[in-house]
Amino acid sequence: MCGVLGILGKMDLPMARELLLLLAHRGQDAAGLLWESENIFTESKATGSPAFIELPNDSPSIILGSTRYPTIGKRVANEEELDIFVGPFQSENVALTHNGNITNMACQTEREYFTDAQFLTDKLAQYLKENDNQLQDAIGKLSSEVDGAFSIVGIHDSKLFAFRDARGFKPLVFGRSKDLTIIASESTVHAMAGLTIERDVYPGELLVFSKNGKLESFSISQNALHSHCFFEYVYFAHPASTIENQLVYDVRFRLGRALAHAFKKMNKEPPDYVVPVPDTSRPAAQALAETLGVPMREIILKNRYLGRTFIVRTQKERNAMAKRKYLYLTDKIENKTILVVDDSIVRGTTAKMIVHDLKELGASKVYFAATCPPQDHPCYYGIDISTGKELIASNSRREDIRKYIGADALIYQNMSDLVNAIGLKDLCLACLDGEYPTEHARFIQEQIQDDVESDGRDYERVV
Ligand code: 5GP
Ligand code: MG
């Protein structure tokens, strides 16, 4: 996951930075802005939030923005590393940034790249040179070589372009007015800029926006089936975003309603409260509470300014971060039966800690529900769950997971309820069912079966 932004039309740089803040939840590691003035690219990057990007007082008419979530390489440790890790990137007469993950970069280049976005930029510059500076030919060549997920926004010949892989894994939407075009990972950016979204960029489509208002669309690579990442709806996207015509809030609400039916079937004693793990699972908790006819209470509160708990890479760091992440309304817990809802259980760190804390604070029973089915396969397309062995559901049976987290009941979403709640047939569910939609990802899976012991992300070590 990462956030991408492209703006065509005069805009103050601080305003662009404000729009990029709406994508901060998609990548809290670092952020960057790049703009073109008189055929020169200038960029400014910062660790952490886009709010820290320093900008001159300028109003360029073409701007790219990026928020980073590392699925390749490590977290950005200091200012010196910003250039090699954080997009947007530039090479020759092209600049771009992307959201997703290239699975076969290691077999496409001898050079050591710290990020796949820099690799895509260099490759595109090379193919432009080899193809008479024709963007559609260069993109065609690029997309025939790379495997994986990529929603790209870029600048070429003072035009803004967008390209989405043929499966449409990651979201990308655009909207226009007479003077302004915005392409972004999420429609909340358009809403803030006063634009309505025109539509999602189609999977396999290249869109080129010129300064005179012209829009060209090229069909570059098509696939009969699309594979939209279901986890966007479950976790990544902002609830106010609309992706593939589905409002994320509504999907999460429906996920909660489905969980209520699953809970009812278990014939357990009803809870006194439904309690969301903030923030993602709030709409689901509301629906769950309403459907069960019990109150929802926000007795778990987030230490909002801590951030970045998931992208630490060791379990020890994760435990320490999780401990500092939540505060409890301690006097509302004693002798209560509490149904806690989180969006997902990945490694089990959050669930185990919350159940333990609630019991220590006197809860008589704690049930734990996840709006997502068990994630028991790694993701190669942009979630940093990139090896099977780190996933609790890939190593343990459901009853063992329940015991591990210490809950009195464990309720996972059913696969069919998940798909119905999202309302799309064409989804990537690979981390749930192991069905990888692209060839190189399947190849990695085959290789990795004999190689369970080694460290590092699967796609960083299989060539
Ligand atoms: P666990 O603690 O089981 O390893 O992970 C589950 C928790 O991590 C949930 O609270 C969920 O909201 C959060 N989570 C799931 N996926 C991601 C991710 O890709 N990034 C971040 N920051 N959090 C995630
Ligand atoms: Mg969470």
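User: Why is D279 called partly exposed?

Analyst: D279 has a relative accessible area of 26%. Buried means under 20%, exposed over 50% and partly exposed in between, with a 1.4 Å probe and protein chains only. D279 therefore counts as partly exposed. This is a predicted model: local features need pLDDT of at least 70, side-chain atom pairs count only at pLDDT 80 or more, and totals for chains, interfaces and linings use all residues. Residues are numbered from 1 along each chain as its sequence is written, chains are lettered from A and ligands numbered from 1 in the order in which they are written, and side-chain values use heavy atoms, with hydrogens and water left out.

User: What makes K302 and D279 a salt bridge?

Analyst: Their closest N and O atoms are 3.5 Å apart. K302 lies in strand β18 (residues 300-302) and D279 in the loop between β17 and α9, so the bridge ties together parts 23 residues apart in sequence. The term asks for a side-chain nitrogen of Lys or Arg within 4 Å of a carboxyl oxygen of Asp or Glu, so the pair qualifies. K302, at 29% relative accessibility, is partly exposed. Helices (H or I, at least four residues) and strands (E, at least two) are DSSP runs, numbered from the N terminus.

User: What kind of peptide bond joins P278 and D279?

Analyst: A cis bond, with omega about 0 degrees. The bond from G87 to P88 is cis too, with omega near -5 degrees. P88 sits in the loop between α2 (82-85) and β5 (89-91). Most peptide bonds are trans.

User: How do you know that E232 pairs with R26?

Analyst: Their closest N and O atoms are 2.8 Å apart, a salt bridge. E232 is in helix α7 (residues 230-236) and R26 in the loop between α1 (13-21) and β2 (30-37), 206 residues apart. E232 also forms a salt bridge with K170, where the closest N and O atoms are 3.0 Å apart. K170 is in the loop between β8 and β9 (173-176), so this second pair ties together parts 62 residues apart in sequence. R26, K170, E186 and E232 are linked in a network of salt bridges.

User: Why are K170 and E232 called buried?

Analyst: K170 has a relative accessible area of 1%. E232 is at 1% as well. R26 is also buried.

User: What keeps D343 from counting as part of a salt bridge?

Analyst: Distance. The nearest side chain of opposite charge, R252, is 7.6 Å away. Charge here means Lys and Arg positive, Asp and Glu negative; His and the chain ends are not counted.

User: Why is H228 called buried?

Analyst: H228 stands at 6% relative accessibility, so it counts as buried. H228 is in strand β14 (residues 228-229). The C-alpha atoms of H228 and L427 are 4.5 Å apart, although 199 residues separate the two along the chain.

User: What makes N245 stand out in phi?

Analyst: N245 is not a glycine, yet its phi is positive, about 65 degrees. Most residues other than glycine have a negative phi. N245 is exposed, at 67%. D157 also has a positive phi, near 50 degrees, but is partly exposed, at 45%.

User: How many cavities does the search find, and what makes a space a cavity?

Analyst: Three, counting those of 30 Å³ or more. On a 1 Å grid over the protein atoms alone, a cavity is a set of points where a 1.4 Å probe fits but cannot get out; a pocket is an open set with protein on both sides within 12 Å along at least five of seven lines; lining residues have an atom within 4 Å of a point. The largest cavity has a volume of about 170 Å³. Among its 19 lining residues, C2, R68, T115, D116 and A117 are closest to the centre. The second largest cavity, about 80 Å³, has K170 and C229 in its lining, among others.

Note on methods. Points joined across faces, edges and corners; volume = space filled by probe spheres on them.
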